[in-house]
Amino acid sequence: MARFPLAPGGQSTDSDQTGGGGGADSDPFAPLASPAFTGTPTAPTQTFGDNTTKIATDAFVQAAVSGSVAGVASYAGRTGIVVPTSGDLTTMGGAPIASPTFTGTPAAPTQSPGDNSTKLATTAYVAAAGSGGGYAPPWQVIESPQSMTSGPVGAATFVFGFLPTLGSTSLGAYGTGLGVFTFDPADYLIAGRTSKVRLHSWVLTNPNAPGVTFTFALNPVTAWMHYSGYAPVVSTIGAAVVSNVIASPPASSAVLATSSVANAPTAGWYVLTVTTSGSLGSSVWLDVGCRLQLQQQ
């Protein structure tokens, strides 16, 4: 083994320690300043809790990690093995698993439309449900007129709520018809939603009414009030906003029909009408009516 002379002062130099001559028989030594070890260097394992600049071995680190699981050395005036309590969680800005009380603006994942579980519902989930994503808003009845007749019925259009013109086209208004009415979707509008309307109609007849069709409709009107004899008459009826049909109802059995859904019309005057096609004899008895329903989507 080669021997190297000491540098002035009695110390060997870094080049001496690391075998600066580059010879194969040089002893490899590490410098004191910033040594670069290779292989698997080892060192003494320090006492648990040591907090100095001494080298920390793998064994020291594992002992430190294992010892920290049971608690911390001190917290909130408590010393020793400190186990966190629910009060500590609140102090640190956390919330307990059981019955948490959140503040500020808590957020959560938005679930898929139609989810029906105990998962948190975000405002985005509720908004999607209100627009048809799983929640069906209720239908509100706006108008519900009814008319009855006992006698002949022919092909004609009748307005619910007006006195009948007796004769071959008579469809009486002995029920609770409302006639012309005002309708403004804004009166029912919920912020952020749109209004939809539909008709729910019925016919009850005795005897049966083969070949007779009843068409119910919601119609806008203008110039609606003038008189012909004793009966007020709607002079101008616009195109139907929404309608449905009941054809050839059987005897003594209520037949119901629900129209398709349409966007609510603009504010104005409206009537509910029933148009008959075909004819019934003098012994017929009819009960007809419909409900105008509104939904906020």
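**Labels and the values behind them**

Guide: Leu-292 touches Gln-140, Val-141, Ile-142, Glu-143, Phe-181, Val-197, Arg-198, Leu-199, Leu-218 and Leu-272, where residues up to four places away in sequence are not counted, and a contact means heavy atoms within 4.5 Å. This is a predicted model, in which local features need pLDDT of at least 70 and side-chain atom pairs count only at pLDDT 80 or more, while totals for chains, interfaces and linings use all residues. Residues are numbered from 1 along each chain as its sequence is written, and side-chain values use heavy atoms, with hydrogens and water left out.

Visitor: Why is the pair of Phe-183 and Tyr-270 called edge-to-face?
Guide: Rings of Phe, Tyr and Trp (its six-membered ring) pair if their centres lie within 6.5 Å, and planes under 30 degrees apart count as stacked, over 60 as edge-to-face and the rest as tilted. The ring centres of Phe-183 and Tyr-270 are 6.2 Å apart and their planes are at 80°, so the pair is edge-to-face. Phe-183 belongs to strand β6 (residues 181-183) and Tyr-270 to strand β15 (residues 268-277), 87 residues apart; strands are DSSP runs (E, at least two residues), numbered from the N terminus.

Visitor: What makes Phe-183 count as buried?
Guide: Buried means under 20% relative accessible area, exposed over 50%, and partly exposed in between (1.4 Å probe, protein chains only). Phe-183 has a relative accessible area of 2%, and is therefore buried. Tyr-270, at 5%, is therefore buried too.

Visitor: How do you know that Gln-295 is buried or exposed?
Guide: Its relative accessibility is 6%, so Gln-295 counts as buried. Gln-295 lies in strand β16 (residues 285-296).

Visitor: Which residues have the most contacts inside the largest nonpolar core?
Guide: They are Phe-183, Val-197, Phe-214, Phe-216, Leu-272 and Leu-292, in a core of 29 residues. A nonpolar core is a set of buried Ala, Val, Leu, Ile, Met, Phe, Trp, Tyr and Cys residues joined through side-chain atoms within 4.5 Å. Strand β16 gives the most to this core, with 5 residues.

Technical notes:
Helices (H or I, at least four residues) and strands (E, at least two) are DSSP runs, numbered from the N terminus.
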